[in-house]
Amino acid sequence: MSSRSHRAWVLALTSIASLMVALDTLIVTVALSTIRSDLGATLEELEWTVTAYSLSLAVLLMTGSALGDRYGRKRLFAVGLVVFTAASAACALAPGIGWLIAARIVQGAGAAVLMPLSLAILSAAYPPERRGRAMGVFMGVTGLSVVGGPLLGGAITEGASWEWIFWLNVPLGLLVLPFVLTRIEESRGGDTGLDLPGLALGTAAAFGLVWGLVRGNVAGWGNAEVVTALVLGVALLAAFVAWERRASEPMLPLAFFRSRAFSAGNATAFLLTASLFGTLFLIAQFMEIGLGHTPFEAGLRLVPWTGCLMVVAPVAGALVDRLGERPFLVGGLLLQAGGFAWLALIAEPGMAYAPLVPPLVISGIGIAMAIPATQNSVVGAVPAHMIGKGAGTNTMLRQLGGVFGIAVLVAVFAGRGGYASPREFTDGFVAALAGAALLALAGAAAGLLIPRRRTTADAADGARDRHREVVRS
């Protein structure tokens, strides 16, 4: 198989895997109201149907990335696909909310292997000067889930039942698996060992932090359980950093963070995703509860927002290769913040749909500009043989950002609104949108720390310098 053909297969298969993972984050959003009615779920349980998936995805990402580097990225990629597909069937068969939440945890574990390895396999297949374009296409295909998720979820929920949003993954996973095994070449990371203490400490730290964030809205932020989880999470994170500083083959080489591109790119990705996921959790419900639309109508009305990722991301990714990441990070996040702030100013129960379109489009364009640039900044800042670790770190921080954003913005929503009436829901939604705009502004500020545009030769020299730093550390 020629190099060009191999890259095309890698791009197609990793993009489909990313689409599946992203689809199951988003397709659930328009079904939340129906799931709440069918299964008698409380607000806390409803939040867990989203965050249980993100929780296991976030805390196991580094483990999935490390196992792929050690035992073979293609092999673990296939394992993750099988786990994800089987768990999707379990979600569809859920007789109650507890079963659904448990199946979502297993589904997130499969996604935790698929996501970082998709990015690592794709990044390793393309040279730096062509990677931004590939990332743009990758995000454009992923954008199909952003466009189709709410729309498809609404159509299925309204026309059939919410269970079918999970059955969709089963034939797709079975179709893709043979091509993964035959069309992707095996690759591994540079380390020959497995940092088991680092994996244990990193996973436990992420779990403690995420658990505290999710439980805080229900139990109260001063509750002993919440405080204990957050304190333990921070302590374990400190222990993780201490261990990684002296480990012979660290799961996450701390020398990566000496690079402004790596550090600022990851900070921007965290804040961008926090703003985006927190808004996603609420906006489809606003269309249904605040404006009175059906699930399908709600999904259809989100297309001007979600469609921007599919259309704009490939173009932005190609331009990142020529112009550098910083203009797209800062400009994109400013547009995201502006769009959310505009929505917060005009949102009213029962309002007409047309005034919502311009701010939805503006924020969607901004998100589509920024996402490929954040990923390119991070994976371009690490040596080629450590792309798996860099990609795993970026994916983990994005998922932690999503959980953080949902927890924070749901807390803002609950403090100002509720589900008793369209007016009460809208009041909470407006306050949450203002919080989402502030998170995006903070991301734009972090993006200013990204270095100026560099030539391909400069990037190669920088990668060699970072490799020597990692080896010395």
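## Basis and overall composition

Because the model is predicted, local features are given only at pLDDT of at least 70 and side-chain atom pairs only at pLDDT 80 or more, while totals for chains, interfaces and linings use all residues. Residues are numbered from 1 along each chain as its sequence is written, and side-chain values use heavy atoms, with hydrogens and water left out.

The secondary structure of the protein chain consists of 18 helices and zero strands; helices (H or I, at least four residues) and strands (E, at least two) are DSSP runs, numbered from the N terminus. Of its 473 residues, 57% count as buried. Here buried means under 20% relative accessible area, exposed over 50%, and partly exposed in between, with a 1.4 Å probe and protein chains only. A contact is defined by heavy atoms within 4.5 Å. Among the contacts in the chain with a separation of 6 or more, 84% are between residues 24 or more positions apart.

## Helix geometry

| Helix | Number of residues | End-to-end C-alpha distance | Expected span |
|---|---|---|---|
| α10 | 23 residues | 33 Å | 33 Å |
| α13 | 21 residues | 29 Å | 30 Å |

In α13 (residues 303-323), a kink of about 40° lies at V312, shortly before the proline P314. V312 is also one of the buried residues of α13, which include W305, L309 and A316. Following α13 is G324, with a positive phi near 90°.

V176 is buried, as are N169, V170, G173 and V180. In α10, the buried residues are V226, A229, G233, F240 and E244, and what covers them includes α9. The loop between α9 and α10 holds N223, which is partly exposed because its relative accessible area is 28%. N223 lies eleven residues from G212 in sequence, and their C-alpha atoms are 9.7 Å apart.

## The second largest pocket

Rolling a probe the size of a water molecule over the atoms shows where empty space is left. On a 1 Å grid over the protein atoms alone, a cavity is a set of points where a 1.4 Å probe fits but cannot get out, whereas a pocket is an open set with protein on both sides within 12 Å along at least five of seven lines; lining residues have an atom within 4 Å of a point. Grid points are joined across faces, edges and corners, and a volume is the space filled by probe spheres set on the points.

The second largest pocket holds about 320 Å³ of space. Its lining has 21 residues, and those nearest its centre are L209, L237, M396, L397 and L400. Helices α9 (196-219), α10 (224-246) and α16 (387-416) each supply at least two residues of this lining, with the largest share, seven residues, coming from α9. By residue type, the lining has 18 nonpolar, three polar and no charged residues; Ala, Val, Leu, Ile, Met, Phe, Trp, Tyr, Cys and Pro count as nonpolar, Asp, Glu, Lys and Arg as charged, and the others, Gly among them, as polar.

L397 is located in α16. Leaving aside neighbours within four places in sequence, L397 is in contact with N266 and F270. The C-alpha atoms of L397 and N266 are separated by 6.8 Å, although the two are 131 residues apart along the chain.

## Further individual residues

A347 lies in the loop between α14 (326-346) and α15 (357-379), and it counts as buried because its relative accessibility is 5%. Beyond neighbours within four places in sequence, A347 is in contact with F286, T426, F429 and V430. A347 and F429 are 82 residues apart in sequence, with a C-alpha to C-alpha distance of 8.4 Å.

T63, in helix α3 (residues 43-71), is buried because its relative accessible area is 18%. With neighbours within four places in sequence set aside, T63 is in contact with L199 and T203.

P128 belongs to helix α6 (residues 128-159) and counts as partly exposed at 47% relative accessibility. P128 and G380 are 252 residues apart in sequence and 6.9 Å apart in space, C-alpha to C-alpha.

Definitions and conventions
Expected span 1.5 Å × (residues − 1). Bend = angle between axes of the 7 residues up to and from the residue.
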